[in-house]
Amino acid sequence: GAAEIDALNEKGRTESDPQTRQLVYREIEELLRKNAWILPLFHEQVYRFAGSDVEGLNVSYWSPTVAYENLRLRRG
């Protein structure tokens, strides 16, 4: 991180006045825009595969991703 951004982030985090806090965060946004810095975003993807004979499979983004105790095989 940049020291200037870190200092502004700390200032915004500890500012109790909402209008002043908004101005601080706008200043951070302007610095990011002016310097063309990139903010990487991460979106986790979760994949699970099961055959058509598996029942009870629900995939979640939260832990546990799969509640394996709910899985069962369809009889037939």
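Helices (H or I, at least four residues) and strands (E, at least two) are DSSP runs, numbered from the N terminus.

## Basis of the model

This is a predicted model, in which local features need pLDDT of at least 70, side-chain atom pairs count only at pLDDT 80 or more, and totals for chains, interfaces and linings use all residues. Residues are numbered from 1 along each chain as its sequence is written, and side-chain values use heavy atoms, with hydrogens and water left out.

## Helix H1

Helix H1 covers residues 3-14; at 1.5 Å a residue its twelve residues should span 16 Å, and the 17 Å between its end C-alpha atoms agrees with this. The expected span is 1.5 Å times one less than the number of residues.

Ile5, Leu8 and Gly12 of H1 are buried; buried means under 20% relative accessible area, exposed over 50%, and partly exposed in between (1.4 Å probe, protein chains only). Seen down the axis of H1, the buried residues fall within an arc of 65 degrees, so they line one face of the helix. The arc is that of the directions from the helix axis to the C-beta atoms. Ala3, Arg13 and Thr14 are exposed on the other side of H1.

## Packing and nonpolar core

The buried residues of H1 pack against helix H2 (18-35), contact being heavy atoms within 4.5 Å. The largest nonpolar core consists of six residues, namely Ile5, Leu8, Val24, Ile28, Leu31 and Leu32. H2 gives the most to this core, with four residues. Such a core is a set of buried Ala, Val, Leu, Ile, Met, Phe, Trp, Tyr and Cys residues joined through side-chain atoms within 4.5 Å.

## Salt bridges within helices

The structure holds five salt bridges, each a side-chain nitrogen of Lys or Arg within 4 Å of a carboxyl oxygen of Asp or Glu. In one of them, Arg13 pairs with Glu10, with the closest N and O atoms 2.9 Å apart. Both residues lie in H1, three residues apart, about one turn of the helix. Arg13 is exposed, at 54% relative accessible area, whereas Glu10 is partly exposed, at 40%.

Glu29 forms a salt bridge with Arg26, the closest N and O atoms being 3.8 Å apart. Glu29 and Arg26 are both in H2, three residues apart, about one turn of the helix.

Arg74 and Glu55 form a salt bridge whose closest N and O atoms are 3.0 Å apart. Arg74 lies in the segment after strand S2 (72-73) and Glu55 in strand S1 (residues 54-55), so the pair ties together parts that are 19 residues apart in sequence. Salt bridges that share partners join Glu55, Arg72 and Arg74 into one network.
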